[in-house]
Amino acid sequence: MPHPDLTGRVVIVTGAGSGIGRAAAVAFARAGANVLGVGRRRTALQETAAEHPNVATFPADLRADGAGGTIVRAATERWDRVDVVVNNAGVTAAMPLADTDAARVSDLFALNVVAPSLLATAALPYLRTTHGVIVNVSSTYGHRPMPGAAHYAASKAALEQLTRSWAVELAADGVRVNAVAPGPTESEALTAAGLSEGVVESIKAEEARRIPLGRRGEPDEVASWIVRLADPTATWLTGQVLTVDGGLELVG
Ligand SMILES: NC(=O)c1ccc[n+]([C@@H]2O[C@H](COP(=O)([O-])OP(=O)(O)OC[C@H]3O[C@@H](n4cnc5c(N)ncnc54)[C@H](OP(=O)(O)O)[C@@H]3O)[C@@H](O)[C@H]2O)c1
């Protein structure tokens with residue numbers, strides 16, 4: 001499918017060093033946008049930037065104090081505007097209720113809920129000027145139960161409610177807010193959650209078995225919808241959560 005024309009637009013993508021974020025950063029760049037790719041690992045970001053000259057890198061921990069402001073400044077000092085914020089960085093965590101502890105819940109929410117909020121806050125003055133767009137990356141499990149990882153699901157449910165609430169709050173400013181909710185997609189997410197290779201492989205096989213389309217997704221298959229939600233010609237679409245999961249939510 002052809003990409004929208006985003007020539008001259010400025011896009012911030014978090015978690016751009018791997019998986020869905022890398023695919024989204026490259027897809028925005030191919031659509032003509034200038035992209036600031038954010039993540040902690042400099043080398044991972046550089047590998048993303050090597051895929052397209054329109055991708056610039058900004059290593060940062062999104063949970064650090066003032067990270068939102070620092071990231072937005074990096075984009076505006078370079079390009080003087082922000083059109084799109086993609087809140088993609090996120091972590092998953094296996095955490096049955098019996099093993100739940102305060103530090104792990106706080107860590108999860110710091111990245112999956114607080115960081116997207118503060119980045120959006122910092123970008124808001126620019127988004128108001130450009131009539132820009134926020135795209136949040138949720139999950140099928142933002143609106144389906146996830147036994148054994150309830151706080152991950154709850155963090156994504158929070159992101160979906162932020163999406164709907166901000167959409168109404170910012171509509172008068174011409175700022176649109178939507179979310180993509182991917183299903184199981186090839187990325188570093190399962191290994192980043194600290195699972196062993198054997199466990200990762202068995203989770204992947206089980207997921208592929210449950211997905212009606214019969215396989216896990218590829219990052220590009222999610223990224224292309226992120227770019228479409230950010231398309232400036234999608235002028236009447238706001239407050240929506242688009243599930244891209246091979247049909248999993250219908251049966252999962
Ligand atoms: N893959 C799936 O099956 C799936 C399904 C549903 C939803 N999602 C969601 O999709 C989004 C992207 O995940 P993914 O699957 O592409 O996983 P991924 O490959 O693990 O990507 C996550 C990215 O976030 C970055 N990140 C993590 N902690 C960070 C921090 N504190 N500060 C800055 N960046 C940080 C990581 O880079 P650094 O480690 O270098 O910081 C990494 O590049 C997440 O929100 C995830 O919850 C994924």
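I'll start with Ser18, which sits in the loop between β1 and α1 (19-30); helices (H or I, at least four residues) and strands (E, at least two) are DSSP runs, numbered from the N terminus. Ser18 is buried, at a relative accessible area of 18%. Buried here means under 20% relative accessible area, exposed means over 50%, and partly exposed is in between, with a 1.4 Å probe and protein chains only. Setting aside neighbours within four places in sequence, Ser18 is in contact with Arg41 and Glu188, where contact means heavy atoms within 4.5 Å.

A word on what we are looking at. This is a predicted model, in which local features need pLDDT of at least 70 and side-chain atom pairs count only at pLDDT 80 or more, while totals for chains, interfaces and linings use all residues. Residues are numbered from 1 along each chain as its sequence is written, and side-chain values use heavy atoms, with hydrogens and water left out.

Now the chain as a whole. It has nine helices and seven strands. For 252 residues, a compact globule would have a radius of gyration near 18 Å, and the chain has 17 Å, which agrees. That radius is taken over C-alpha atoms, and the globule rule is 2.2 Å times the number of residues to the power 0.38. Along the principal axes, the C-alpha atoms fill a box of roughly 45 × 40 × 40 Å. Of the contacts with a separation of 6 or more, 70% are between residues 24 or more positions apart. Buried residues make up 50% of the chain.

On to the interior. In soluble globular proteins, nonpolar side chains tend to be buried together. The largest one has 30 residues, and Ile12, Leu36, Val38 and Ile71 have the most contacts inside it. At least two residues of this core come from each of β1 (10-14), β2 (34-39), β3 (55-59), α3 (67-79), α4 (102-130) and α5 (150-171). Which element gives the most to this core? That is α4, with seven residues. As for Ile71, not counting residues up to four places away in sequence, Ile71 touches Ile12, Leu36, Val38, Phe58, Ala60, Leu62 and Leu119. There is also a second, separate core of 29 residues, which includes Ala27, Ala31, Ala223 and Ala230.

Next, the loop between α3 and β4 (84-87), where Asp80 is found. Most residues other than glycine have a negative phi, and most peptide bonds are trans. Asp80 has a positive phi, near 70°, and counts as exposed at 64% relative accessibility. Leaving aside neighbours within four places in sequence, Asp83 is in contact with Gly8, Arg9, Val10, Leu127, Thr130, Gly132 and Val133.

Last, His131, in the loop between α4 and β5 (133-137). Phi of His131 is positive too, near 50°, and His131 is exposed, at a relative accessible area of 54%.

Notes: A nonpolar core is a set of buried Ala, Val, Leu, Ile, Met, Phe, Trp, Tyr and Cys residues joined through side-chain atoms within 4.5 Å.
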